[in-house]
Amino acid sequence: MQSRSPDTADQASDLFAYAVLLRTLNRELNRATLDFAHQQGLHTTDIHALAVIMDPAASADGPVTPTRLREELGLTSGAITACLDRLQRSGHVSRVRDTGDRRVVHLVYNTEARALAREYFSPLARATEAARSQFTPEQLATIASFLRALNTELGEAHDART
């Protein structure tokens, strides 16, 4: 079977080719993420939770709380509690009470754990930078715009299904 990746101008608008490339990217990212989870004795859900806690886009409304994490991951309160217990026991996350309202708990990705993840994922960061270096700033701006638009569309499609 002939490869359908968008390596030529004719294939650049082929939706199937994009789907293949996105699935391939997803597999590569999942492979690295699952290897890290296994090495750290974490569940896949734990890794997804860490991403929500550390990513600025997920915490645009302020620090992530267990409720916000539950909403982002679509899990039950019990599942979030179990996940946070594992992350806290493993030293990745701390639960910190809000100083203004002690009923509110903020989730903090611990500095040492963040450094551990940064070290583990440094090959991924180097690969990303190597790929980025192949494009002009204008091309990178277009790629970033595409990824933002795709994330928005995928989020809206998900919301429409639920």
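Reply: Glu72 is partly exposed, at 41% relative accessibility (buried is under 20% relative accessible area, exposed over 50%, partly exposed in between; 1.4 Å probe, protein chains only). The model is predicted, so local features need pLDDT of at least 70, side-chain atom pairs 80 or more, while totals for chains, interfaces and linings use all residues. Residues are numbered from 1 along each chain as its sequence is written, and side-chain values use heavy atoms, without hydrogens and water.

Glu72 forms a salt bridge with Arg68, at 3.6 Å from N to O (Lys or Arg side-chain nitrogen within 4 Å of an Asp or Glu carboxyl oxygen). Arg68 is buried, with a relative accessible area of 17%. Both residues lie in helix H3, residues 66-73 (helices are DSSP runs of H or I, at least four residues, numbered from the N terminus). They are four residues apart, so about one helical turn separates them.

Helix H6 holds another such pair, Arg132 and Glu129. Their side chains meet at 3.1 Å, N to O. The spacing is three residues, again about one turn of the helix. Arg132 is partly exposed at 39% relative accessibility. Glu129 is partly exposed too, at 43%.

Arg86 and Asp46 also form a salt bridge, at 2.7 Å from N to O. Arg86 lies in helix H4 (residues 77-89) and Asp46 in helix H2 (residues 44-54), so the contact ties together parts 40 residues apart in sequence. Asp46 is buried, at 0% relative accessibility.

Terms used. Helices (H or I, at least four residues) and strands (E, at least two) are DSSP runs, numbered from the N terminus.
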